[in-house]
Amino acid sequence: MDQSHYIAKHVVNLPRSGIRDFFEVVAKMQNVISLGIGEPDFDTPWHIREAAIYALEKGKTHYTSNLGLIELRRAINRYVEKHFGISYRPEDEILVTVGVSEALDIAFRALVNPGDKVMFHQPCYVSYHPSITLTHGVAVPVPTYAKDNFALTAEALRAAWQPGCKLLMLNLPCNPTGGTCDRTQVEAIARFALEKDLLVLSDEIYSELTFEGEHVSIASLPGMKERTVYLHGFSKAFAMTGWRIGYACGPAALIEAMMKVHQYSMMCASIISQEGALEALQRGEDGMKAMREQYQRRRDFIVRRFNEIGLRCHLPRGSFYAFPDVSQTGQSEKDFAIGLLHSEKVAMVPGTAFGENGKGFCRACFATGYDQLIEAADRIERHAQKLAAKH
Amino acid sequence: MNPLIKLLLEGGGLGTAQMAQVLNLSETEVNRQLDQLKKDRLLLGWRPVLNLAEEEAGVVRAVIEVRITPERGGGFNRLAERISRFDEVESCYLMSGGYDLLVFVNGSSLQKVAGFVSEKLSTLEGVLSTATHFLLRTYKEQGFLLDVKAEENNRLKVAP
């Protein structure tokens, strides 16, 4: 029996993830050094795991409030205020979600009418465009460029804007480019959002992994808190990717709208993950800083190596991704990535998996051991030299 | 903190060639910095961390709480240094609390360790009392977990 005609049209038309195709090739190979894993190589610090185990022992296995444990919401407010300068009421301005992924999904479902236009900068995380499509919105991509180190500029926003744009999706620091914006640039984006009456959806999951300078949350700027849904979580800073726990903060009316969707689709985030998250916020800061320091050293090493090899790579001020330009090899990013995989068994994700402005680039995640990074860099160098010899 | 020290503390057992790569220095420079760290007594030396329980010719380890009389003009230092010089003494620390020195001792048998305490340590002038505790089992040694098996790396090879 062929069930395909039962599938909803907008899902049929959803393009397959470029990452998934690449993953399928890599999965069949042995002994690959993968720089394609978008998560920390650290296990979650033991004290967080132990707190969750203890919660299980104490019998914490039941539903929580839809919004999440109140102690966790209070801790989130304290954390966000301390680190990013924004204060949210735990009672009705914070919603604990099943990862930032769920927060994004329910935000789109709560805020996008069919036909509403949503701006987002690209190259970007693989789910943004499909999420907009799934809620029958219209995706309006805004290009970012290597010449700006992939920061989002007000000029690019202005050029891409069209009447009917309602939402602006931000991801700073950015997966996959490592681009982020300094205070002046964030202020310019805020002014644009105010001018065009845009609601901002800000995915700041990599904000702790800002290596130089400060991370500026757009919601902390004057006039922005009332028009921003602030999204953050625990996956990257506290190495809790598999726990599926995150949060959305915003004006009560918007959180209430998102909560309506959340209560019917999820009910609540896993209580065990919430308990772990609480421990992370209360006692996880030192561990988080130690991990950040280690990422920074790895970043310095791999970016230097890419530039030595002749693959021009900007120094990402945030996230744990390097985004080298592979076009000097004369190959497309797909051909380079596949060729590198087959000839030297190193996996980097082709930049076009993240949007058309990823053309000519590949994403390398440096959240892995030094020995892997050193070996991978040597292998990439060999491959690049082989390609150069052919020319 | 010196980037080289930070890298050493991170562990991972990198050789000097690899450390040179990571720090963007020549190997000669890394060795020079290591030598300087040794001269400055920041880096005291290298010891492998072994799980000695596995060895057939076992090593008996004990922790001894020593109470000593502080000396005028010298405090605990002279006597603590004297105790530290014994080969049997692996580590020696001045502690706050109910005793003064915490002394880690290794010997090839229980009798040898007991003999060291009774003949060499307790008899020193200035040593008021000793309390010897023998190590039964090690769970974690210098940051390495012993009985917990290293889990297979289960990470997906590619993830967004």
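This is a predicted model: local features need pLDDT of at least 70, side-chain atom pairs count only at pLDDT 80 or more; totals for chains, interfaces and linings use all residues.
**Two chains, one helix to start from**

The buried residues of helix α13 of chain A pack against β1 (33–34), α11, α12 (333–344) and β10 (346–347) of chain A, and also against α2 of chain B.

Which of its residues are buried? They are A:Tyr370, A:Leu373, A:Ala376, A:Ala377, A:Ile380, A:His383, A:Ala384 and A:Leu387. These residues cover an arc of only 150° around the axis, so they sit on the same side of α13(A). An α-helix has 3.6 residues a turn, so residues three or four places apart point the same way. On the other side of α13(A), A:Gln385 and A:Ala389 are exposed.

Next, chain A as a whole. Chain A has 13 helices and twelve strands. Its radius of gyration is 21 Å, close to the 21 Å that the globule rule gives for 391 residues, so chain A is as compact as a globular protein of that length. Along the principal axes, the C-alpha trace of chain A spans about 65 × 60 × 55 Å. Of the 391 residues in chain A, 51% count as buried. Among the contacts in chain A with a separation of 6 or more, 74% are between residues 24 or more positions apart.

The domain assignment divides chain A into domain 1, which covers 4–44 + 286–390, and domain 2, which covers 62–284. The centres of the two domains, taken over C-alpha atoms, are 25 Å apart. How many residues are in contact between them? On the domain 1 side there are 34, and they are in contact with 38 residues of domain 2. Two elements give two or more residues each to the domain 1 side: α11 (285–309) and β9 (321–322) of chain A. Of these, α11(A) gives the most, with seven residues. By class, the domain 1 side has 14 nonpolar, 13 polar and seven charged residues.

Now chain B. Chain B has five helices and six strands. Along the sequence, the pattern is α-α-α-β-α-β-β-α-β-β-β. Compact or spread out? The radius of gyration of chain B is 21 Å, well over the 15 Å that the globule rule gives for 160 residues, so chain B is more spread out than a compact globule. The C-alpha trace of chain B spans about 65 × 40 × 30 Å along its principal axes. Buried residues make up 13% of the 160 residues in chain B. Of the contacts in chain B with a separation of 6 or more, 53% are between residues 24 or more positions apart.

On to where the chains touch. In this model 13 residues of chain B are in contact with 23 residues of chain A. On the chain B side, the largest share comes from helix α2, residues 16–23, which gives three residues. The chain B side as a whole has six nonpolar, four polar and three charged residues.

Last, some points of backbone geometry. Most residues other than glycine have a negative phi, and most peptide bonds are trans.

Two are in chain A. A cis peptide bond joins A:Gln122 and A:Pro123, with omega about 10°. A:Pro123 lies in the loop between β3 (117–122) and α6 (128–134) of chain A. The peptide bond from A:Leu172 to A:Pro173 is also cis, with omega near -10°. A:Pro173 is in the loop between β5 (165–171) and α8 (183–195) of chain A.

Two are in chain B. B:Asn24 has a positive phi, near 60°, and lies in the loop between α2 and α3 (27–39) of chain B. With 13 C-beta neighbours inside 10 Å, B:Asn24 counts as partly exposed. B:Gln142 has a positive phi of about 50°, and its place is the loop between β5 (140–141) and β6 (144–145) of chain B. B:Gln142 has 8 C-beta neighbours inside 10 Å and counts as exposed.

That is the end of my tour.

Key
Residues are numbered from 1 along each chain as its sequence is written. Chains are lettered from A and ligands numbered from 1 in the order in which they are written. Domain bounds come from an automatic or database domain assignment. Two residues are in contact if their C-beta atoms, placed from the backbone, lie within 7 Å. Helices (H or I, at least four residues) and strands (E, at least two) are DSSP runs, numbered from the N terminus. Ala, Val, Leu, Ile, Met, Phe, Trp, Tyr, Cys and Pro count as nonpolar, Asp, Glu, Lys and Arg as charged, and the others, Gly among them, as polar. The radius of gyration is taken over C-alpha atoms; the globule rule is 2.2 Å times the number of residues to the power 0.38. A residue is buried if 20 or more other C-beta atoms lie within 10 Å of its own, exposed if 12 or fewer, and partly exposed in between; C-beta atoms are placed from the backbone. The arc is that of the directions from the helix axis to the C-beta atoms.
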